[in-house]
Amino acid sequence: MAALGRAGRGWARSQPCALALAAALAVCAFYYLGGGGETFSSATRRLRATPPAPAHRHPQRGGGEVVAAAAGGRDLHLLLMFTKAERNPALRGKAQAALRSLLRHGRLGGGEALHLHLVTEGASRDIGLGLLRDLLRGAAFRHQVIVHDVNELTEKLFPIVEAMQKHFSAGSGTYYSDAIFFLSVAMHRIMPKEITQIIQVDLDLKYKTNIRDLFDEFDNFPEGAVIGIAREMQPVYRHTFWQYRRENPQTKVGDPPPDGLPGFNSGVLLLNLEAMRQSKLYNQLLEPAMVQKLTEKYHFKGHLGDQDFFTMVGMEHPELFHVLDCTWNRQLCTWWKDHGYSDVFDQYFQCEGEVKIYHGNCNTPIPED
C-alpha cells in the first residue's frame, strides 16, 4: 500500500501498469485507511444552523427546506455535508468542534445573515439539526438553516457528473451514490440562481478567525476565476501524475509551490456560482469529451471526487482558480512523509503566516487553543 521509494519508482518506470496500480493503491490508502475507514467525502463536509427566532419551515427551491428565515441584508451562504452520522460518533464530534470554533469567532456586519446549508439524510438530519440548535442558541449573528436531502441532490447531479466519475471515484465503475462527491463541481446548476456565491467546507476544520473574512476573499478573485481553493500540502499529485511527469521531465505539474503546480485540496471551497454559470470555458470542461481528453493527456486516475477534477483542470487552466493562502486551509496530515516522499515533503507542507483555519485531514489532531 505504501508509496514507492526512489528505488521502487526507478524499477516501476519499466513497469507502467504496476506503477499505475501502486499509485492508485497508495492514494487510496492515504485517504481511506489514513482516514479511519471513512471515504474522502463521507468523513467531512458542509454545515448548517438554527435561528434566533422560533423556527418556521418554508419550501426551498432545489429540494432544500428553510428553517427560520433571516430578514434582509447581505446573504452569506455556507454549506456542509453531514451524512451517515448515526453510525459515526467521530463525525459528530468533528462537526461539534468545527461549529463551536466557527461560532466563537463569528461576527457579521449589520444587515448580514449566515445561511447554513446542511446536506444530509435520514437519521443524520435529526442529529445535525439537534446539534445545530444547541450550538446556535447563543449565536451572535442572524442565521438561517437550509436542509438539502442528499438523495434529491444526487438525482440532479448524476446526469451532469456521471461521465467524470469513472476517472475520479473509488472503484472501477460509475456509482450513482458517488455523484454527491461532485456537488461542488456542478453547484451552479443545482442551487437557485438567487444564490450567487457559496462557501463549501469540510467538517474536520477548526476556525481561528471570523468566517466573515473568508467571504471577503471573493473580492480578490482575478478576472475569469470562478473558484477559490488552497493548494494541496502533500505530494499527493506528484505521485498521481507520475506517468505525465516521466514523459514531461520539465513540467511543473506535481511540483511544490511557489513555482510548481501541486494540485488542490477541497477542504475549503469558495464557489462563485454566478461566475461558474457565466463561464463558457468552465462549463465546456464539464462535458464528457473534455473530461476524457484531459484524463488521457495527464494519464489521470483518482478517487477523490471534486478535488481530483479541480486539480486536473487547474493544470490546464489555472486562470479559473483563485489560489487561497495556505493559512485558510492549513492541512495537518503528514501521511506521505512516511510513504516514499520524505525528501521533498517539507516543500509541500510548509505554510507561513498566522493560521486562520486548521484542517485535520486523515484524522490528524488539531492543536488546542
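The legends below describe close-up views of a predicted model.

**View 1. The largest nonpolar core has 58 residues.** Met 164, Ile 227, Tyr 282, Tyr 298, Phe 309 and Phe 310 are the residues with the most contacts inside this core. Helix α5 (residues 150–168) supplies the largest share of the core, eight residues. Apart from this core lies another, of 37 residues, including Leu 108, Phe 141, Leu 205 and Tyr 207. In soluble globular proteins, nonpolar side chains tend to be buried together.

**View 2. Tyr 298 and its contacts are shown.** Neighbours within four places in sequence are left aside here. Tyr 298 is then in contact with Phe 241, Tyr 244, Val 253, Met 312, Met 315 and Glu 316.

**View 3. Helix α4 has a buried face.** The helix covers residues 122–136 and has 15 residues. From its first C-alpha to its last, α4 reaches 22 Å, close to the 21 Å expected at 1.5 Å a residue. Its buried residues are Ser 124, Gly 128, Leu 129, Leu 131, Leu 132, Leu 135 and Leu 136. Seen down the axis of α4, these residues fall within an arc of 165 degrees, so they line one face of the helix. They pack against β3 (75–82), α3 (89–105), β4 (113–120) and β5 (142–149). Asp 126 and Asp 134, on the other side of α4, are exposed.

**View 4. Strand β8 pairs with β9 and with β10.** Of the five residues of β8 (residues 227–231), four are buried. Five bridges join β8 to β9 (residues 264–271), and these two strands run antiparallel. In this pairing, Ile 227 stands opposite Leu 271. Four bridges join β8 to β10 (residues 321–324), and these two run parallel. Here Gly 228 stands opposite His 322.

**View 5. Cys 326 and Cys 351 form a disulfide.** Their sulfur atoms are 2.0 Å apart, and the link is right-handed, with 95 degrees about the S-S bond. Cys 326 lies in the loop between β10 and β11 (330–331) and Cys 351 in the loop between α13 (345–349) and β12 (357–359), so the pair ties together parts that are 25 residues apart in sequence. Cys 326 is partly exposed, at 21% relative accessible area, whereas Cys 351 is buried, at 17%.

**View 6. Cys 333 and Cys 362 form a disulfide.** Their sulfur atoms are 1.9 Å apart. The torsion about this S-S bond is about 105 degrees, so the disulfide is right-handed. Cys 333 counts as buried, at 1% relative accessibility. The count comes to two disulfides, and they follow the pattern 1-3, 2-4, with bonded cysteines counted along the chain.

Key
Residues are numbered from 1 along each chain as its sequence is written. This is a predicted model: local features need pLDDT of at least 70, side-chain atom pairs count only at pLDDT 80 or more; totals for chains, interfaces and linings use all residues. Side-chain values use heavy atoms; hydrogens and water are left out. A nonpolar core is a set of buried Ala, Val, Leu, Ile, Met, Phe, Trp, Tyr and Cys residues joined through side-chain atoms within 4.5 Å. Buried means under 20% relative accessible area, exposed over 50%, partly exposed in between (1.4 Å probe, protein chains only). Contact means heavy atoms within 4.5 Å. The expected span of a helix is 1.5 Å times one less than its number of residues. The arc is that of the directions from the helix axis to the C-beta atoms. Two strands pair if DSSP finds at least two bridges between them. A disulfide is a pair of cysteine sulfur atoms within 2.5 Å.
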